[in-house]
Amino acid sequence: MPSHQQRISLALQQRLPSTRDGSAAKLNEAMHYATLNGGKRLRAMLVYAAGDAFDADPDALDSAACAVEMIHAYSLVHDDMPMMDDDDLRRGKPTCHKAYDEATALLVGDALQSLAFECLCDNNLPAAQQIAMVKCLANASGAMGMAGGQAIDLASVGKQLNQSELEAMHLLKTGALIKSSVALGVYCSSKYTTANLKHLDDYAMAIGLAFQVQDDVLDVIADTATLGKQQGADIARNKPTYPALMGLEAAQKKAQSLVADALAALDNIENQCLALRALATFVVQRNF
């Protein structure tokens, strides 16, 4: 999968606005800073992995992968701002509003969100598939997806959530965009069935939760240098997390169980889905 990471980096560079545009050079430079400053590229790799399993159009996959990475980058820029989580570090570097300023960071998020949908439509797929993809990403990004989950997260600071409430929040905040990444990869193909999509949704739901559980675990056991962001930040903000709710060991077992569920969902698909299987394992083995 390193090849997919290189592929998405090149595709993003080609689609981001030129930093030599004098009329908006600062904004464009900040968009590059926020989007190209490292990261796991998990969502983009899910697009490629799902698409490759169904012989999807490579150019369409590039466009879809860029779209989800831009949505993810915009969400991180806004999430780091003082009115949200007020973070100083992201991926080992100053957050966008620290490297530039708050107004620029706000505009970076706005511009990346718009550019994501422009990229998503930059393909030669049939109109029905393009419409399905736009609807998929819009739903995953909005009030019924990522933004809604972030709102619940902010409202939950200092509160006690039960496991069902915590999972419901993260299925929106983290899981919705991960789920849409898998679906978008498949939509770039014509060789899938409704049953395939159902099993892939089950896979994506499981690894979306596993990803968040592992994030919560790493916030406890990893250090700031490894994480690229402040260790213990969730504890300091009194946010509800899986280790706080279940205990550290139980949370680690929960992540492993979710990955097993994801792999079981793939067993229902005739395609081997080797890259999707590898990504599921990566979710719980990562240390950043």
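Trainee: How many helices and how many strands does the protein chain have?
Mentor: This is a predicted model, and its secondary structure can be counted along the chain. The protein chain has two strands, and its helices number 16.

Trainee: What is the radius of gyration of the protein chain, and why is the chain described as compact?
Mentor: For 288 residues the globule rule gives 19 Å. The value for this chain is close to that, so the chain is as compact as a globular protein of that length. Along the principal axes, its C-alpha atoms fill a box of roughly 50 × 50 × 30 Å. The radius of gyration itself is 18 Å.

Trainee: What percentage of the residues is buried?
Mentor: A residue counts as buried when its relative accessible area is under 20%. Among the 288 residues of the protein chain, the buried share is 50%.

Trainee: Of the contacts between residues at least 6 apart in sequence, what percentage joins residues at least 24 apart?
Mentor: One example of a residue with partners elsewhere in the sequence is L276, which touches L46, A49, A50, L200, Y203 and L266. For the protein chain, the share of such contacts that join residues at least 24 apart is 74%.

Trainee: How far apart are the centres of the positive and negative side chains?
Mentor: The protein chain has 33 negative side chains and 24 positive ones. The centres of these two sets are separated by 1 Å.

Trainee: Is E270 buried or exposed?
Mentor: E270 is located in the loop between α15 (248-266) and α16 (274-285). A53 is 217 residues away from E270 in sequence, while their C-alpha atoms are 9.9 Å apart in space. Exposed residues have a relative accessible area over 50%. Because its relative accessibility is 82%, E270 counts as exposed.

Trainee: Is C273 buried or exposed, and what is its phi?
Mentor: C273 lies in the loop between α15 and α16. Its relative accessibility is 5%, so C273 counts as buried. Most residues other than glycine have a negative phi. C273 is not a glycine, yet its phi is positive, near 55°.

Trainee: Which residues does T241 contact, leaving aside neighbours within four places in sequence?
Mentor: T241 sits in the loop between α13 (233-236) and α14 (242-246). With a relative accessibility of 10%, T241 counts as buried. Beyond its sequence neighbours, T241 is in contact with L166, D216 and D234.

Trainee: What is the phi of D86?
Mentor: D86 is in the loop between α4 and β1 (89-90). D86 is partly exposed, because its relative accessible area is 43%. Although D86 is not a glycine, its phi is positive, at about 55°.

Trainee: Which residues are in contact with D87, leaving aside its neighbours within four places in sequence?
Mentor: D87 is placed in the loop between α4 and β1. Its relative accessible area is 12%, so D87 is buried. Its contacts beyond the sequence neighbours are D80, T95, H97 and R237.

Key: Residues are numbered from 1 along each chain as its sequence is written. This is a predicted model: local features need pLDDT of at least 70, side-chain atom pairs count only at pLDDT 80 or more; totals for chains, interfaces and linings use all residues. Side-chain values use heavy atoms; hydrogens and water are left out. Helices (H or I, at least four residues) and strands (E, at least two) are DSSP runs, numbered from the N terminus. The radius of gyration is taken over C-alpha atoms; the globule rule is 2.2 Å times the number of residues to the power 0.38. Buried means under 20% relative accessible area, exposed over 50%, partly exposed in between (1.4 Å probe, protein chains only). Contact means heavy atoms within 4.5 Å. Lys and Arg count as positive and Asp and Glu as negative; His and the chain ends are not counted. The place of a charge is taken as NZ of Lys, CZ of Arg, CG of Asp or CD of Glu.
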